[in-house]
Amino acid sequence: MTNFNIIYKEPDYAIELNTMKKASKSKPEPESFGADMEKVSLEKVYEILKTSSRGLSSKEAEERLAKYGRNELDEEKTSKLEKFLRYFWGPIPWMIETAAILSAMIGHWSDFAIIMVLLFYNAISGFWQENKAADALDALKAGMAPKARVMRDGNFTDIDATLIVPGDIIQIKLGDVVPADVRFVDGEYISIDQSALTGESLAVTKKTGDSGYSGSIAKKGEMTAVVIATGNNTFFGHTASLVASAGSKESHSQEAVSKIGDFLILLSLALAFLLVGFEVYRDVVIRDDWKWDDLVEILRMTLVLLIASIPVALPTVITVTNALGARALSGKKAIVSRLEAIEELAGVNVLCSDKTGTLTKNQLTLARPVPFGNVDENMLVLAGALASQQDGEDPIDMAVITGLKDTTVLDDYRQIRFVPFDPVSKRTEGDIKDKNGKIQKYTKGAPQVIIDLCNLSDDERKKALNEVKTLAEKGMRALGVAVSDDNGENWRFLGILSLQDPPRDDSKETIKKAKEHGLHVKMVTGDDVAIGSEISRQLGMGTHIIAASDMFTKDMNMDNLPSGIEKNVERADGFGRVFPEHKYGIVKALQHRGHVVAMTGDGVNDAPALKQADCGVAVSGATDAARAAADLILTAPGLSTIIDAIDEARRIFERIINYIIYRVSMTIDIMFVVVLATIFFGFSPLTPVMIIMLALLDDIPIMTIAYDNTLLSKEPVRWHMHRLLLGSSFMGLLSVMETFTIMLIAMEWISNPALQSWIHLSQEQIQTIVFLQLVAGGHLLLFVVRTRRPFFSRPWPAKPLFLALIGTQTLAVMMCGFGWFVTPLPWTIIAMVWAYLLVWMFILDQVKLAVYRKLARMNKHKTPHVVTGYSKFPS
């Protein structure tokens, strides 16, 4: 269970140090500093950390490095051997392993060898696919700043950032990545971009006494700072800890495979007890003749039944189908990093989307200006541009200059002097000389500051403040603009510029398509609620935006949220003022409410929620940490690609369900026929070799189902195992009737002298007839169950699947005709078996259609084709 004992706005250093997950057991626990290192005075920070503005000596740094550890992320790794061995543990591996043990006990070494090959094939293929996935923590480590400028022994020197310790004095300038959590102690100001950490779309200006987070990027200015946290104890490191603890549960597909295995195990055990009980009763009670050979025969029949019950290729077929589907998704600009996520994506009904850089362009633009007096809009924007630095990288300056209709107008002006924004004055200022030689001062900045500079009347002041308030309610940032003709003695208010991070061009259409696909899209942003509400309104997502920082308290356990909060999360259209642990909590709350959740994002702050989500989606341009934690990585900008990915995922899952219905039906058919034939006719209808050949002929070619054409559901689809297994069992019992009927006909044939004189059949040939019926009838059953319409309706089977099945049937007919591994049959009998199978194919299809019509009438108030198992059987 993940405990969130801190909130990033008010971290307790002592709590952080004592709650972080440590991979290295030998590393000593750091001492408790017992203070809030972001809120106490700098003097107190120096005192607690036992440092000064002169930094640490080399000896002190070495001692602290040994005590607190390197400035890097700790993690626990599972060995590759342990991962590989996990593939030998679970319901289906247990069934295969039991069959192998029984084969060895009775000396059937050829069966033992084939079973072991299947066991290791499943394990190796699954391990290979898992090993391809990226490691999120490795990418987070790569995001740490590689070098840092640190004061050691009174002099600044460049060292490996992993060697920084609490109490170090470091220098941070333009372009540097902040290597640890710090408090700024000297310098005018520094502007740092921490959007990848907190979701704030603008760079944040820091001054002496403010804090900065590891992983932030300096965009302007230069300051020195004291290190207050390193490694896992940083804001950045705690995000990594959340990633490490997130997403540890089984996927829905893994749970489904386990349930299918459990179902088949219970069924096989029940039939095995019935079979063994009957054999013991017959040998001991009726014949009163029990010998060791009887025990061997019972074990042999149990082995046949057990092999028949094992869907040996089920995990492999699912893996291969997903892998081929992943290749198809890559053609749609979506890269799959976890194969199980394909099924999760098909069932997603809530999409949590990061705002900055995902729904919006992460690029400030100028909205409609609000001029005052006799100033027009063009003049107001020009004045703002003259108060900006044309060759700088400040996003606000660039947005204002780009807002000019014609930037060549700036050629008529020369900037003599420029004063950049600082947190004290809260404005920029430019001395401008026009083409006539006239010099004026232009300024832009915080509206309240600019208004106070100008001599406005009460009415004008009230009007200006109301405009600022209106813009704030719309989620826009306001800038006041003024000009001075007398070297700053008097200023004239020109108006207000508004800035916004606009939605991507395709976002509104994408949200519309998402709704058409049955998805509820929720915005998750670090920006203020007003900003989120306005963007949400523009995109048609709703305006019920909740402040996450108000909803989630400091000591709240995100893994066990109160039901009231979970309901609020479910009802909300989005969330503002969100920190990383909030995003994780939002995903957990929705999952607790029964939703299948996808989370999109691009920053480090999104990584924990991306990993915890049923399907984490890293958008184009995402950080390494987000891509590593995600299940699906989009390589095309915007969210539109995810709709294509969802369509493809639903097709992929439909193919998997088609296979599962077919496989479970056939397994039931084989098991019941083996038991019933043994009880009623006194012999096994299939040999162990026949059953293994059945597995090979049925499952290996049917892997081409990954290419099949399927119907596309317009609603999210989920596993409903009860309905899926009930439907599969129904089709399986019909198949039992089909197989048992042909056995009755064959047994009648043997006892009929006239028929025997025409074509003589032996008991061994009856086994071959059953074998041919199961191979051919199984594939014809697939054609029946792959669609809810008549089997000959569109969509028709894909060419690879059709050709693979035709090839398999040709091989099966040749095996039975020429006697490869089985007793040969006369060609006339083979033709008669095929005629029988084609008749039953139409019977099964008509029964299937009748069941669907009955279910549709029972659910006439529901959508009759709601996919339910992912789902061939409507609810």
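## Hairpin and strand pairing

In the hairpin of β1 and β2, two residues lie between the strands, and Asp-153 takes a positive phi near 60°. The model is predicted: local features need pLDDT of at least 70 and side-chain atom pairs count only at pLDDT 80 or more, while totals for chains, interfaces and linings use all residues. Residues are numbered from 1 along each chain as its sequence is written, and side-chain values use heavy atoms, with hydrogens and water left out.

Strands β1 (residues 147-152) and β2 (residues 155-160) are paired antiparallel over six bridges; pairing requires at least two DSSP bridges between two strands. Strands (E, at least two residues) and helices (H or I, at least four) are DSSP runs, numbered from the N terminus. Arg-149 has Asp-158 of β2 as its bridge partner. β1 also pairs in the antiparallel sense with β3 (residues 169-173), over three bridges, and Val-150 is bridged to Ile-170 of β3.

## Nonpolar cores

A nonpolar core is a set of buried Ala, Val, Leu, Ile, Met, Phe, Trp, Tyr and Cys residues joined through side-chain atoms within 4.5 Å; buried means under 20% relative accessible area (1.4 Å probe, protein chains only). The largest core has 116 residues, of which Leu-632, Ile-660, Leu-686 and Phe-771 touch the most other members. Helix α26 (residues 640-681) supplies the largest share of this core, 22 residues. Another core, of 32 residues, lies apart from it and includes Ile-546, Val-587, Ala-607 and Ala-618.

## Helix α18

Helix α18 (residues 458-473) has 16 residues and, at 1.5 Å a residue, should span 22 Å, which agrees with the 22 Å between its end C-alpha atoms. The expected span is 1.5 Å times one less than the number of residues. Gly-475, which follows α18, has a positive phi near 80°.

Notes
Buried means under 20% relative accessible area, exposed over 50%, partly exposed in between (1.4 Å probe, protein chains only).
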